[in-house]
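I set out to record what I looked up in this structure. The entries follow in the order in which I made them.

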Amino acid sequence: MATVVQRVAVVGAGAAGLCAARHILAHPDRFGPPVVFELSDDIGGTWCYEERVGTKDDGRPILSSMYRNLRTNLPKEVMMFPDFPFEPQLSSFLPHQEVQTYLQRYCRSHNIRRHIRFKTTVESVKPVVMTTGGEEERTTWRVTSSDSSGCQKTETFDSVFVCSGHYSDPHIPDIPGIKNFKGQVLHSHAYRCAEPFSGQSVVVLGARASGLDISMELAKAGAQVTLSHGRPRFTFPLPAGVQQCSPLVAVGEDGRVHFQDGSLGAADVLLFCTGYNFSYQFLDGAELGLDIQEHGVAPLYRFMMPPAFPSLFFIGICKIICPFPNFDCQVSCRCGETPAGLRSISQRFEVPSCLHRSSSLWPCWTARSRYHLGLKWRTMSGENCRKKQHEESCSTTCW
């Protein structure tokens with residue numbers, strides 16, 4: 001009996017999308033050439049640096065969150081795709097330009113570019129559930145896209161890999177009175193270099209990797225930096241010009257900033273280093289049985305698949321990971337010679353019943369899923385302790 005070749009769509013041509021396309025192309029006996037939809041005019045996703053911010057001349061958004069002097073905070077030795085090393089002469093911690101060059105080389109090596117539709121917006125991805133003659137349900141996916149000329153097209157796929165990333169929709173928390181602030185307000189998504197802030201007083205909100213790195217850049221350029229955060233106070237020495245402060249909680253009517261410890265201050269700039277939202281405007285979460293919120297998507301089997309639709313894959317939504325190896329593992333974690341992710345769309349596949357939303361596992365699953373996405377959301381249901389044993393009984397299939 002002839003093997004049915006599956007048609008697969010990939011949304012996004014960043015590192016995750018390139019990885020998905022590369023492994024799909026490696027199995028031509030099971031999968032047709034992928035169709036990769038890319039909103040911008042180049043590969044690389046957030047690694048494709050743009051000096052400009054906001055929008056391009058044609059109105060398309062600038063997606064990159066890179067800043068000019070950003071270097072990786074992971075060594076290249078653990079950052080690389082497992083079967084595709086960085087150039088050996090490069091230093092361990094790379095400028096972002098070298099990562100983009102690496103992704104371009106990966107794209108060329110696996111002949112992916114010809115399968116990418118650049119400047120193409122995915123408008124919607126919708127499941128179509130059909131019943132076959134044997135009364136078995138089969139799901140296909142109706143993908144509607146539009147190119148730069150506005151021409152719209154709707155196509156049908158057997159599976160969709162969502163690889164659109166989660167570092168392009170800035171999260172700015174609600175600060176009471178923020179409209180009273182008389183200076184500049186921006187998110188690190190729109191930050192490119194420190195020199196324009198020389199001589200200014202800057203409050204940086206958030207002290208994870210980007211908040212710390214940008215604070216140090218600003219201080220070197222002559223800015224006076226207040227690093228506002230709710231983490232335990234850093235005990236290592238910070239550069240001259242950087243002082244720590246408790247979280248900013250409000251802006252007064254006079255434009256001064258109010259901190260949690262009761263102190264007040266004046267500032268020229270509020271710079272939010274407060275992360276990014278999960279945003280999938282082309283998906284209807286309710287239709288998929290998913291709770292898509294600013295900081296999390298649940299429930300997802302193995303952090304990839306909606307329980308009701310195991311032919312839809314979210315690649316790379318976990319946060320505290322080594323990204324490129326994680327993408328490769330999600331797409332190609334092998335069972336024999338067939339990637340497990342791809343195997344699930346080339347064969348019949350069912351998510352374990354204990355993971356369906358209607359099960360008593362749902363509250364614990366939601367909280368645990370959010371935690372492992374890199375978030376310490378601790379709002380489980382009041383019965384979380386009693387359900388812990390049930391959660392653990394399913395853990396071998398959950399993870």
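Entry 1, the model. I note that this is a predicted model, in which local features need pLDDT of at least 70 and side-chain atom pairs count only at pLDDT 80 or more, while totals for chains, interfaces and linings use all residues. Residues are numbered from 1 along each chain as its sequence is written, and side-chain values use heavy atoms, with hydrogens and water left out.

I found nine helices and 20 strands (DSSP runs of H or I with at least four residues, and of E with at least two, numbered from the N terminus). Of the 399 residues in the chain, 49% are buried (under 20% relative accessible area with a 1.4 Å probe, protein chains only; exposed is over 50%, and partly exposed lies in between).

I looked up an open sheet of three strands, which has the order β4-β5-β6 and antiparallel pairing (two strands pair if DSSP finds at least two bridges between them). Its edge strands, β4 (121–131) and β6 (152–157), each pair on one side only. Strand β5 (residues 137–146) is joined to β6 by six bridges in the antiparallel sense. In β6, T156 stands opposite R142.

I counted zero disulfides (pairs of cysteine sulfur atoms within 2.5 Å). Is C245 buried or exposed? C245 counts as buried because its relative accessibility is 14%. C322, at a relative accessible area of 31%, is partly exposed.
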